[in-house]
Amino acid sequence: MLSSLEACGPVFCRALPWALALSLAAGCTVPARSPAGPGMVTATKPAPAAPAAPSNAAPSEADAVTPLLAYADRLRSLPGPELAQEITRLGNAVSAGDQLRLALTLSQTRQLPDLVRAQDLLQRALANNSEEARPLHALARLLATRFAEQRRAEDQLDRQNQQLRELQRRLEQTQDKLDALKEIERSLSNRPAAAPASSPRGRTRPPSP
C-alpha cells in the first residue's frame, strides 16, 4: 500500500506551478492609493480672492457736497443786499469749496457778468486736483452745465429785450410822424377861408359918353 505522501506526490507536483504563479501575481499587485494618503502632496485649488474693500470715495464726496447743497438752499432766501455782502465776504476764493460757494452766490444775482465769473470759478475748481477738490468735481461739472444753460437763456432774453427796445423806438418814431401830420392838418383846417374872386360878368360897364 502506498503511503499518503507517495499518493499525494503527483498531485502536489501538478499544483505547485499554479501556486507559484498565483503567489507571484499577488506579490506584483500594487495596492490602490487613497486620494489623500499620508505624506502625499495633493493639488489644492487657489483660495478665492478676498472682495475688494469698499472705496471711501462716496462718503468723502458726500461729506464735501452736503454742506454746499445746504449753502445753496440758504442762498435762495437771501435778498440782494445780503447776496452782495456774501460775495464781498468770499472775495477772491482760493479753496475749491469757497470757489463753489462764490459761484453759487454769483448765480443768484441774475446778472450776466456775475454768471460769467461763476463759470470761471467752476473751471478753476475743476482744474484743481487736490484731495480737497476732487470730491467736488462732480458737483462742479453739474453746476457748469446748469450755468451754461442759464447763460444761453440770459443771452436769448437779452437779445429779445434789445429787439423789443428797437421795436418800441420805431413805434415812437412812427407816432411822432403821425402827430406831426395831424398838427399840419389841424393848422390847415384853422386857416380863414379866402374871399371869393368877383366874376367878370358881374362888373358894371361905365356909361358911354
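Visitor: What is the handedness of the crossing of α4 and α6?
Guide: The crossing of α4 and α6 is left-handed; that word applies if the near helix is turned anticlockwise from the far one by less than a right angle, and right-handed if clockwise. Keep in mind that this is a predicted model, where local features need pLDDT of at least 70, side-chain atom pairs count only at pLDDT 80 or more, and totals for chains, interfaces and linings use all residues. Residues are numbered from 1 along each chain as its sequence is written, and side-chain values use heavy atoms, with hydrogens and water left out.

Visitor: At what angle do the axes of α4 and α6 cross?
Guide: Roughly 20 degrees, and the axes of α4 and helix α6 (residues 137-189) come within 12 Å. That makes α4 roughly parallel to α6. Angles under 35 degrees count as roughly parallel, over 145 as roughly antiparallel, 65 to 115 as roughly perpendicular and the rest as oblique. The axes are lines fitted to C-alpha atoms, for helices over the stretch in contact, with angles from 0 to 180 degrees between N-to-C directions.

Visitor: Which residues of α4 and α6 make the contact?
Guide: From α4 there are L100, A103, L104 and S107, and from α6 there are L139, A140, L143, R146, F147 and Q150. Contact means heavy atoms within 4.5 Å. By class, that is seven nonpolar, two polar and one charged. Ala, Val, Leu, Ile, Met, Phe, Trp, Tyr, Cys and Pro count as nonpolar, Asp, Glu, Lys and Arg as charged, and the others, Gly among them, as polar.

Visitor: You mentioned Q150. Buried or exposed?
Guide: Q150 counts as buried, at 12% relative accessibility. The cut-offs are under 20% relative accessible area for buried, over 50% for exposed, and partly exposed in between (1.4 Å probe, protein chains only). Leaving aside neighbours within four places in sequence, Q150 touches S107, R110 and L115.

Visitor: And R110, where does that one lie?
Guide: R110 is in the loop between α4 and α5. Its phi is near 60 degrees, a positive value in a residue other than glycine. R110 is partly exposed, with a relative accessible area of 48%.

Visitor: What about R151, what does it touch?
Guide: Not counting residues up to four places away in sequence, R151 touches L112, L115, V116 and Q119. R151 is found in helix α6 and is partly exposed, at 32% relative accessible area. R151 and S107 are 44 residues apart in sequence and 9.9 Å apart in space, C-alpha to C-alpha.

Visitor: Switching to α4 and α5, how do they run relative to each other?
Guide: The axes of α4 (residues 96-107) and α5 (residues 112-127) come within 8 Å and cross at roughly 160 degrees. The two are therefore roughly antiparallel to each other, and their crossing is left-handed. The residues in contact include L102 and L106 of α4 with L121 and L122 of α5. The classes there are eight nonpolar, one polar and three charged.

Visitor: Stepping back, how many helices and strands in the chain?
Guide: Six helices and zero strands. Helices (H or I, at least four residues) and strands (E, at least two) are DSSP runs, numbered from the N terminus.

Visitor: And what share of residues is buried?
Guide: Of the 209 residues, 18% count as buried.
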